[in-house]
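Morning, everyone. I have one structure for you today. Let me put it on the screen.

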Amino acid sequence: MEFSLKNEQQQLLSKMATNDGHGENSPYFDGWKAYDSDPYHPTRNPNGVIQMGLAENQLCFDLIEEWVLNNPEASICTAEGANKFMEVAIYQDYHGLPEFRNAVARFMEKVRGDRVKFDPNRIVMSGGATGAHETLAFCLADPEDAFLVPTPYYPGFDRDLRWRTGMQLLPIVCRSSNDFKVTKESMEAAYQKAQEANIRVKGFLLNNPSNPLGTVLDRETLIDIVTFINDKNIHLICDEIYSATVFSQPEFISISEIIEHDVQCNRDLIHLVYSLSKDLGFPGFRVGILYSYNDAVVSCARKMSSFGLVSTQTQHLIASMLSDEAFMDKIISTSSERLAARHGLFTRGLAQVGIGTLKSSAGLYFWMDLRRLLRESTFEAEMELWRIIIHEVKLNVSPGLSFHCSEPGWFRVCFANMDDESVRVALRRIHKFVLVQGKATEPTTPKSRCGSSKLQLSLSFRRLDERVMGSHMMSPHSPMASPLVRAT
Amino acid sequence: MGVEFEQQPSVELSKVAVSDTHGEDSPYFAGWKAYDEDPYDESRNPSGVIQMGLAENQVSFDLLEEYLEKHSEAASFGNKISSFRENALFQDYHGLQSFRKAMASFMEQIRGGRAKFDPDRVVITAGATAANELVTFILANPGDALLVPTPYYPGFDRDLRWRTGVNIVPVHCDSSNNFQITIQALEAAYADAVSKNIKVRGVLITNPSNPLGATIQRSVLEDILDFVISKNIHLVSDEIYSGSAFFSGEFVSIAEVLEARNYQDSERVHIVYSLSKDLGLPGFRVGTIYSYNDKVVTTARRMSSFTLISSQTQQLLASMLSDKDFTEKYIRINRERLKNRYHMIIDGLRNRGIECLEGNAGLFCWMNLSPLLKERKKESELALWKSILYEVKLNISPGSSCHCSEPGWFRVCFANMTERTLEIALQRIHDFMEIKKENDVQQQ
């Protein structure tokens with residue numbers, strides 16, 4: 001059914017509908033498009049693009065599926081659970097099922113080692129964390145107001161906080177020289193810059209554990225941040241969506257602990273965002289949580305939650321699962337172990353070929369340092385390198401530029417959304433690629449020609465391979481079929 | 001626990017947050033609170049407030065439960081447990097294709113096959129609440145307006161205006177012609193907006209109408225479509241009660257009108273739908289925007305990131321709604337039961353001397369109590385409403401909360417209770433009318 005779209009019709013839509021606020025023109029999504037058009041599959045498409053740009057947690061589904069099978073009453077569609085169908089299906093109160101709120105609050109406490117308590121009456125639902133962020137922006141800021149956010153940060157924030165709200169995001173620039181930590185100086189500098197530009201700063205947006213860095217903030221930095229926002233009387237939104245993906249030391253410290261034990265502040269300024277999309281691997285279920293210490297914000301956000309409530313069918317399932325405390329303990333610890341193993345496998349594998357990663361203890365990804373492979377230290381060079389990685393190495397990784405990183409050469413690599421075999425294939429590809437690049441930067445090669453020759457070399461290797469391959473019969477599964485095989 | 005800081009200046013929230021455009025101070029919601037505090041229960045609280053202010057459909061749950069009994073595996077996570085994983089991971093804002101196909105097909109069935117729906121034009125949202133807000137964000141800028149015929153669903157004040165900053169300019173309808181929308185009324189509303197320097201971006205109709213409980217006639221739909229074409233604006237048709245029309249043939253969807261015109265000028269038309277009323281599943285948050293405009297579909301899809309339907313629920317409904325035998329049976333029986341309920345309440349009210357607008361759809365009737373008003377004013381209507389709420393213990397919705405320009409009309413819901421409870425409600429109205437008659441006699 002095609003309907004011709006006249007040009008004048010475009011003008012009939014709102015400014016919001018026709019601007020770029022949706023953010024999909026960012027390079028962050030180009031990689032996904034490359035993956036979508038050529039997705040890796042071990043047997044059907046072994047040369048396809050491996051998706052390492054999607055922060056998903058697929059490591060514990062065996063345990064979860066077992067639980068679902070053993071707990072049929074958690075689903076209102078099974079014989080055991082159907083007696084709850086009607087009462088669940090008609091429940092549309094935006095407070096949410098009490099058992100759901102209780103279970104979520106309890107789970108959040110557990111993830112924080114029971115070091116703090118959460119009040120189920122402060123739990124507000126939203127359409128995923130995506131919805132929670134937007135709702136908070138609507139509650140806390142007027143159009144043109146700004147939030148400060150440390151770079152690098154999750155690209156989705158540009159859409160979630162700004163698109164329909166008219167808000168701005170101003171960067172607090174963090175650098176590799178101190179492992180991208182947030183400093184008092186950088187916070188002050190960002191705030192001053194806003195003052196000079198006559199922009200009203202309403203809040204500070206923090207992601208802890210950090211996406212894309214995978215690091216957890218230390219106690220001192222958290223105290224500095226809380227002190228900063230308290231002094232400036234601005235809000236603090238703390239997105240703790242990766243709180244249960246911590247797999248090693250240092251441990252995660254929640255903002256809720258800081259305001260409880262470490263520093264006094266005006267609690268009306270403190271708001272948490274959470275979701276089950278990352279910790280448990282349920283992005284499809286759209287379970288977003290907004291938790292505020294400010295009564296007026298809870299009240300307003302709850303009214304706004306009408307625009308993005310969690311399906312009661314899902315609330316019922318989640319309430320059932322999360323209140324099985326023994327099971328949740330097992331999930332948290334097993335997930336942690338498996339993430340640690342994956343993370344170690346990749347980072348050690350990369351270290352073997354001289355690729356460094358930022359030391360991290362959380363998240364479903366790591367922050368990879370490819371600065372020495374850049375033709376020059378520019379974002380153009382980063383984009384060139386990234387396009388090679390996507391189209392030739394066939395890995396969708398996310399370039400630092402899309403995370404507003406101030407320094408070129410960093411890439412976020414996701415590792416929890418694939419099986420073990422894909423991990424091995426990905427590592428093999430990276431090894432080969434780096435070795436090829438490595439050859440091009442031998443000390444004997446003059447630096448000025450080093451840049452262009454790197455790219456040319458990798459391309460000419462490919463042409464050579466194609467000639468070679470043409471005259472041989474090769475199995476499509478043979479490693480020799482890859483254009484990048486140029487090992488010694 | 002931290003120390004309280006009494007002297008801190010209170011931190012400002014946004015203008016949106018402190019406004020009362022969320023609408024919860026309306027009597028529409030005040031009645032709900034009275035019900036919440038003193039809810040009727042046949043055995044535990046027989047003198048409590050009977051909820052007749054909530055348009056819910058509880059008459060056909062047995063059919064849904066029967067379906068689940070026979071198809072529980074298909075309904076929960078597909079046919080294999082390993083698809084739990086696939087389902088839990090599915091976050092694509094296009095929505096499950098099987099769900100969109102099932103939804104499109106269900107919408108066709110409701111319209112007796114008189115209109116076709118393309119699954120690729122179905123955009124998913126968490127309820128019609130989200131769909132209406134989303135479509136407003138796309139069609140209008142802050143300060144612009146949508147024309148909405150009165151009386152209208154009180155929730156529109158929040159859904160269309162609160163966070164969008166868009167205005168509603170009412171298109172006044174009255175009982176002289178059974179509250180039908182006329183071209184004169186549309187023109188008058190449009191002129192009113194122009195005189196206030198407000199840019200009109202579209203007309204939003206609800207068909208079948210809430211609170212009238214009646215379908216919009218085909219000729220009126222044609223007029224409305226011609227009107228929006230002449231003004232070069234949009235038309236949003238909220239067809240959330242389409243499956244609750246008592247007779248399939250009496251509901252004409254804007255989709256049918258477009259099809260008859262060969263889809264000319266269709267890029268300005270958008271349909272909102274949801275399963276909250278027809279299937280009685282408000283908790284599941286299943287809404288959709290169906291647009292004939294490619295750009296609107298693309299943009300709405302992107303915006304739906306803020307309000308997607310749980311993939312678990314998409315899976316259940318994909319299974320249920322693609323079972324054509326089931327949906328055909330459900331639609332038919334549901335219509336029948338709603339029709340019977342409607343007649344029960346209409347006849348019951350008429351026997352007590354109360355007339356209603358002639359309706360043919362929905363989960364409520366539009367009751368005329370204007371003869372009981374002291375004065376033909378909103379204040380009298382609200383006074384009457386309060387006495388019905390606190391003395392008769394019935395929560396019904398006053399027409400003024402629906403922006404009706406004529407005082408004395410009330411929306412009364414009848415599908416969210418058992419027949420027994422409805423009988424008790426009618427008995428209470430009977431007693432109330434008897435007392436009123438006595439008082440009137442005494443005063444003479």
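How do the residues of the lining of the largest cavity divide into nonpolar, polar and charged? They divide into 5 nonpolar, 7 polar and 4 charged. Here Ala, Val, Leu, Ile, Met, Phe, Trp, Tyr, Cys and Pro count as nonpolar, Asp, Glu, Lys and Arg as charged, and the others, Gly among them, as polar.

Ground rules next. This is a predicted model, where local features need pLDDT of at least 70, side-chain atom pairs count only at pLDDT 80 or more, and totals for chains, interfaces and linings use all residues. Residues are numbered from 1 along each chain as its sequence is written, chains are lettered from A in the order in which they are written, and side-chain values use heavy atoms, with hydrogens and water left out.

Back to the cavities. On a 1 Å grid over the protein atoms alone, a cavity is a set of points where a 1.4 Å probe fits but cannot get out; a pocket is an open set with protein on both sides within 12 Å along at least five of seven lines; lining residues have an atom within 4 Å of a point. Points are joined across faces, edges and corners, and volume is the space filled by probe spheres set on them. The count is 8 cavities of 30 Å³ or more. The largest holds about 100 Å³. Its lining has 16 residues, and nearest its centre are A:T135, A:F307, A:G308, B:R163 and B:F306. Two or more lining residues come from each of β2 (123-127) and α7 (128-140) of chain A and α6 of chain B. Helices (H or I, at least four residues) and strands (E, at least two) are DSSP runs, numbered from the N terminus.

Now the second largest pocket. Its volume is about 1600 Å³. Of its 50 lining residues, A:Q92, B:W32, B:Q51, B:L54 and B:E56 are the closest to the centre. α2(B) gives the largest share of the lining, 6 residues. The lining splits into 20 nonpolar, 15 polar and 15 charged.

Last, a residue in chain A. A:S210 sits in the loop between β5 (201-207) and α10 (219-232). Buried or exposed? A:S210 counts as buried because its relative accessibility is 7%; buried means under 20% relative accessible area, exposed over 50%, partly exposed in between, with a 1.4 Å probe and protein chains only. Beyond neighbours within four places in sequence, A:S210 is in contact (heavy atoms within 4.5 Å) with A:T215 and A:Y365.
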